[in-house]
Amino acid sequence: MLVNAADMLKQAEAGKYALGAFNTNNLEWTLAIFQAAEEAKSPLIIQCTAGAAKWMGGFKVCADMVKAAAEATGLSVPVALHLDHGNFEDCHTAIEAGFTSVMYDGSHEETFDLNLERTAEIVKLAHAKGISVEAEVGGIGGTEDGVTSNGELADPEQCRQIAELGVDFLACGIGNIHGVYPEDWAGLSFERLGEIKALTGDLPLVLHGGSGIPVDQIQKAISLGVSKINVNTDLQLVFAAATREYVEAGKDQQGKGFDPRKLLKPGRDAIVARTKELMEEFGSVNKA
Ligand code: 13P
């Protein structure tokens, strides 16, 4: 059975470790992430963007697949299915479809007041159904059309205001960006993280763009109050590298090496191994 993410993140915040929130794209990804969590005995957040849900055939397909996979594999660790970066409408659709946690990303709304207003509405709707809510203050940069924007620093006062709405966890920019970090990246701002934490108390904070941040910075961020770390690109890279190696070695042309179960296996195994490594870095191993 899927659970919401509120309790597992409260425990992570109190215990000074973080949970990885791993993005899924399909069944292979889902089963690989589940295997890693089971072997590491780690609580798990598996998440999906609206774009990935569309790829899978919609939020309902994704939710039904994740639920059925958890049941069929006898997953014993707690798992939440979370909507990653949803807009207002996505949150409604994901909740209907059976997601147990949603992120309403109001950072792109025209004004902060609108972000506040809509976050409050989603909190009301979601909490009435036992679903946890992540909100976002400030934007999180990244690479679009080959141009990398700098990571923003969220305004601590705005973080305080959003926290007061009763959200369960909060994403705030501290210099992090989505995708591959540029060579000249300035690193995380621990100063800003400390300022935000001082105003938001024991609310679990979320670090987006968790791929490629040096381990010492990840661990310092956890010690200062980050309890959820989003990882997408990292698993895409290890999957692609393992698949490339298989094809470049000509294995898809040997015997039935073209069978998708053979072709996708190295990538799937690579996801399992890397996810376990990340769980170790985040401190969530044996916390289930
Ligand atoms: P990366 O793709 O950089 O790991 O970021 C994932 C993320 O933050 C999803 O919200």
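In this predicted model, the axes of helix α7 (residues 156–163) and helix α8 (residues 190–200) come within 9 Å of each other and cross at roughly 35 degrees. The crossing of α7 and α8 is right-handed. The protein chain that contains this pair has 12 helices and 10 strands, and 8 strands form a closed barrel.

**Helix pair α7 and α8**

- On the α7 side, the contact is made by Pro-156, Cys-159, Arg-160 and Ala-163.
- These residues meet Glu-195, Ile-196, Leu-199 and Thr-200 of α8.
- By class, the contact of α7 with α8 comprises 5 nonpolar, 1 polar and 2 charged residues.

**Helix pair α10 and α12**

- Helices α10 and α12 pack with their axes 8 Å apart, at an angle of about 140 degrees.
- The crossing in which α10 passes α12 is right-handed.
- Helix α10 contributes Asp-234, Leu-235, Val-238, Phe-239, Ala-242, Thr-243, Glu-245 and Tyr-246 to the contact.
- Helix α12 answers with Pro-266, Gly-267, Ala-270, Ile-271, Arg-274 and Thr-275.
- The contact of α10 with α12 divides into 8 nonpolar, 3 polar and 3 charged residues.

**Barrel**

- The closed barrel runs in the order β1-β2-β3-β4-β5-β8-β9-β10, and its pairing is parallel.
- From one strand to the next, the twist averages 25 degrees.
- Strands of a sheet pair through backbone hydrogen bonds, either parallel or antiparallel.
- Strand β1 (residues 19–23) and strand β2 (residues 44–49) run parallel and are joined by 3 bridges.
- Asn-23 has Gln-47 in β2 as its bridge partner.

**Helices lying across the strands**

- Helix α1 (residues 6–15) lies across β1, β3, β5 (132–137), β8 (169–172) and β10.
- The direction of α1 is at about 120 degrees to β10.
- Helix α12 (residues 265–282) lies across β1 and β10, and runs at about 150 degrees to β1.

**Surroundings of the ligand**

- There are 14 residues around the ligand, of which His-208, Ser-211, Asn-230, Asn-232 and Thr-233 come nearest.
- Two or more residues of the shell are given by each of β3 (79–86), β10 (226–231) and α10 (233–248).
- By class, the shell around the ligand has 1 nonpolar, 11 polar and 2 charged residues.

**Overall dimensions**

- The C-alpha trace of the protein chain spans about 60 × 45 × 40 Å along its principal axes.
- The radius of gyration of the protein chain is 18 Å, which agrees with the value near 19 Å that a compact globule of 288 residues would have.

Technical notes:
Residues are numbered from 1 along each chain as its sequence is written. This is a predicted model: local features need pLDDT of at least 70, side-chain atom pairs count only at pLDDT 80 or more; totals for chains, interfaces and linings use all residues. A residue is near a molecule or strand if its C-beta atom, placed from the backbone, lies within 6 Å of it. Helices (H or I, at least four residues) and strands (E, at least two) are DSSP runs, numbered from the N terminus. Ala, Val, Leu, Ile, Met, Phe, Trp, Tyr, Cys and Pro count as nonpolar, Asp, Glu, Lys and Arg as charged, and the others, Gly among them, as polar. Two strands pair if DSSP finds at least two bridges between them. Axes are lines fitted to C-alpha atoms, for helices over the stretch in contact, and angles run from 0 to 180 degrees between N-to-C directions. Two residues are in contact if their C-beta atoms, placed from the backbone, lie within 7 Å. A crossing is left-handed if the near helix is turned anticlockwise from the far one by less than a right angle, and right-handed if clockwise. The radius of gyration is taken over C-alpha atoms; the globule rule is 2.2 Å times the number of residues to the power 0.38.
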